[in-house]
Amino acid sequence: MIEALLAVTFVSSLVVFAAPDRVAGKLAALLSLAPLAGSLWLYTAFDGSGNALLPDGDLAFETMATWLSIGDLAVNWHVGLDGVSLPLVVLTTLLTTLAIVSAWTPIDERQSQFYGLVLFMEAALLGVFSALDFFLWFVFWEAVLVPMYFLIGVWGGPRRKYAAIKFFVYTNVASLLMFIGVIALVFALPVESFGLPEIAQSLRAGELGSLAGIQPGTLEVLAFFAIFVGFAVKVPVVPFHTWLPDAHVEAPTPASVLLAGVLLKMGTYALLRFNFTMMPGVAQDYVYLIAAVGVVSVIYGAMLALAQQDLKRIVAYSSVSSMGYVILGLVALTPFGLGGATFQMVSHGLISGLLFMTVGVIYNTTHTRMVGDMSGLADRMPFTVGVFVAGAFAYMGLPLMSGFAAEVFIFLGAFDAFAGAPWFTAAAMFGIVIVAGYLLFAMQRSLFGPFRLETDYEVGRAPLHDVVPLVVLVATIVLLGVFPELIFDMITDAVTALSGGVA
Amino acid sequence: MVSPDWLALAPHGILGLTAMVLLLYDMIDPDSRNRLALASIATVGSLAALAASAWLLAVGVGPSESVSLFDGQLVVDGVALFFSVVFTTVAALVTVASYDYLADHSYQAEYYSLVVLATTGMVVLASANSLATAFVSLELVSLPSYALVAFLKTNRGSVEAGTKYFLIGALSSAVFVYGISLVYAVAGSLHFETLAAFFAEQGIEQAGVFGLGIVMIVGGVAFKTASVPFHFWAPEAYEGAPAPISGFLSSASKAAGFVLAFRAFNVAFSLDIAAVSGAIDWALLFQILAVVTMIVGNFAAAVQERVKRMLAYSSVGHAGYVLIGLAAITSGGAGGNSIVMGAAMMHLLVYGVMNTGAFLFVGMAEYWGVGRRFEDYNGLSKQAPMACVAMAIFMFSLAGLPPFGGFFSKYVLFLGAIQAGFWWLAAIGAVTSALSLYYYSRVVKAIWIEDPSADFRLRGRPVGLYAAVMLAGVLTVALLPAFGVGIEAAYDAASVLFA
């Protein structure tokens, strides 16, 4: 089933790439409905239980075939979904379709190439979330970076070249570091393949040997941090976040939506799969360091957002802050912490996607994103502004919206997780106040008050196809806020086995 | 197993015959400009030889079997057939692309017959099982290559490159043949298996003479594979030659040099004897060559201003990666040896496709009259998006980025080296290939992200070049999922050498 999903998406990207510009947008949206429907079908037909990497895991839609062997190590085609990956797969297909529709207005040159790359990236993303063999997973992982490099570099804003190269260099160096970490582990383990479940189970059983004279204990710590830093760049957490604002500000809106909505989740998903599933012991040893990284990201990211004048930059920095919560939830290693972190991945994907899209709609009409250049937009664009307000409140964690559920789960899970955890949790909670501060401050300046605009454009209502994706996202956010168990049950089922660290 | 035995020489025969047919065509219709007919004959011949090689590799002979012919002077085994596949694939791509590239040139029949003759030489070289046949077939590869590099008679760069290539080539041939004579002086035979048996029985008595001979043979191989320090001809020759010929030389001719080295060093001068007896540890020699070649090739490529020259130096760097296949050979490590050797063979296959594709793209740019520098390529994707997709694939694949074939071939090679205990070779390889991303991505940046610096219109769509570039692109991607099949065959083939 997963193969079919990947193949359909990949073929769609080729078809769209070859299609004439005139129809590319509509065609891409139409074709992207197929993976969306497919992933929803996967959701309804999901019958897995437990965690994909652990012995108790019973995977849904699993297939496995030998691909090639390197010496005595086999590389397999091994895909499957569990309660952690399935919600992210659905998130990917949903956001891709919406991003494509939202691109109809802003993208006006080389359209077929744009939509082709977006669909190609979707295929790679689906692969990242479903692959269970390290090599296969790494192929998909890197395959995501290439289209994003082009999306920023070709269709981006004025400083697109700088932003694209920065993004590319940061993420590739990080990938290399992570790759070395994992390969070092594989060579020191008595495993016969690069399968993630095999690596995880062998590591958790304490079978790590020494490599090149490095003792197992040291090797595990070194590998943990090589991998952690590799993914931390992707997430990103402070201090590896500096590529993010550049990439976001220069990227065209639909690419920003996918970058914030799905690409950042690759980092946190991989952290969960690799660091916290495979080496929970090291995570527990360094819990203060990791929790501090999370909390600093929350507070510092929010402070940075507070200082920005550009609406898109504000939303971009807020992602750093939100991802800090995910780190805190992960390091807690409790069912609620891990579950909340995963829930936050989905929830933040929806909310930040919504905010980026709304900023995009505002920009399409006003041709500015500077808070100081506009005021009182609510008069002219009541609907768009309403959606922005809704998204902002979701970000702040208004009850009955998904952001609230996610943050509550994380705080519940983290509060008692380890000695001193209440302090970290309390500090992270304070982050919400800053979030509320910068969002309300920005909205008050730009959206309300008397109407004023520094640029000479006629401000009118946004076209219908710009508005529909916003509505769908708001509805999904509320739906998940009211019924978090729609996905939270399967998530907790998958992460419970990880709680308490070392098995 | 094929029967009768000589059917195993089908690829050799088909290619030789094709060259004759081309010459015959030229005799009947002298100075023919019928490029469709000529290109088709050459392409069909290459493809037929490709099909024959692939069939023999898969079924007819099998990757781990071998057929010995002409009293053991030629041997058709997995290694020979695997490399035949590489040579004929590259030759087919090149002949298809030349259809457009040569549109306005005379002496077309000569061009195609020289390409096919050189390919014939490569295929024979791949199965050469004695130093005599190896030398003769190496010359059959070299002589047409000199003429092909200088093919653009009115272009001074091309003529200069051809002359330079010829002079250095003649010199290194002399060195190579002198090395052969020294080995003969020690062992009294040129046949690989006889040599191996002789050394196993008698040991190596005149170790100094033998060692000197080996060093000279290594020099000959290093010239053919454009490895440092015998690489000086490569940037000139590749830059001056017609682009399809640059692709042909840097992919197929390089692989031909390697197949000779793989067979000669592992069969005739196997490390078990050569190093253990204290005569010469050629693995150490190749380790030094590999390190220097990787570093020099990649750093030199990073500072180039012209795309073709950058590709030329990158081709030197790739020779360094493949040299790991010989450098990581250990005495007595049969299983590990066939893994690195198989990985090196597979890298040559993948490299053959992607590197030829990249040179053909440069050929297309030359056809359009776009300049040679990186900046001249700015904004090409607006005019030729599909070809530029293919070029981006070649560049990323050459750099070893994961979604393409070049990723696997490099990493399998490096992992093989690590498993054999040469983690430092792998480390240097990984670092230099990370560096290579810098200069490869410059091309991608130019064609996709930069805005066109000049307003140019491309004249027409060269069908042949386009088809060849697209085909190479598809193959580069397809070699990722198909990598398993290829590497298994390569392992099996390589293990025969260590049997």
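Is His12(B) buried or exposed? His12(B) has 26 C-beta neighbours inside 10 Å, so it counts as buried; the cut-offs are 20 or more other C-beta atoms within 10 Å for buried, 12 or fewer for exposed, and partly exposed in between, with C-beta atoms placed from the backbone.

A word on the source: this is a predicted model, in which local features need pLDDT of at least 70 and side-chain atom pairs count only at pLDDT 80 or more, while totals for chains, interfaces and linings use all residues. Residues are numbered from 1 along each chain as its sequence is written, and chains are lettered from A and ligands numbered from 1 in the order in which they are written.

**Around His12(B).** This residue sits in helix 1 (residues 10-28) of chain B; helices are DSSP runs of H or I with at least four residues, strands are E runs of at least two, and both are numbered from the N terminus. Leaving out residues up to four places away in sequence, His12(B) touches Thr120(B), Val123(B) and Val124(B), where contact requires C-beta atoms, placed from the backbone, within 7 Å. Ala49(B) lies 37 residues from His12(B) in sequence, with 7.5 Å between their C-alpha atoms.

| Property of chain B | Value |
|---|---|
| Helices and strands | 19 helices and two strands |
| C-alpha span along principal axes | about 70 × 55 × 40 Å |
| Buried share of the 499 residues | 64% |

**Where the chains meet.** On the chain B side 20 residues are in contact with 19 residues of chain A. Helix 15 (385-399), helix 16 (405-419), helix 17 (423-449) and helix 19 (483-497) of chain B each give two or more residues to that side.

**A helix pair in chain A.** Helix 5 (residues 134-155) and helix 6 (residues 160-188) of chain A pack at an angle of about 170°, with their axes 8 Å apart. That makes helix 5 of chain A roughly antiparallel to helix 6 of chain A, a label for angles over 145 degrees. Residues making this contact include Phe134(A) and Trp141(A) of helix 5 and Phe167(A) and Val182(A) of helix 6 of chain A.

Methods:
Two residues are in contact if their C-beta atoms, placed from the backbone, lie within 7 Å. Axes are lines fitted to C-alpha atoms, for helices over the stretch in contact, and angles run from 0 to 180 degrees between N-to-C directions. Angles under 35 degrees count as roughly parallel, over 145 as roughly antiparallel, 65 to 115 as roughly perpendicular and the rest as oblique.
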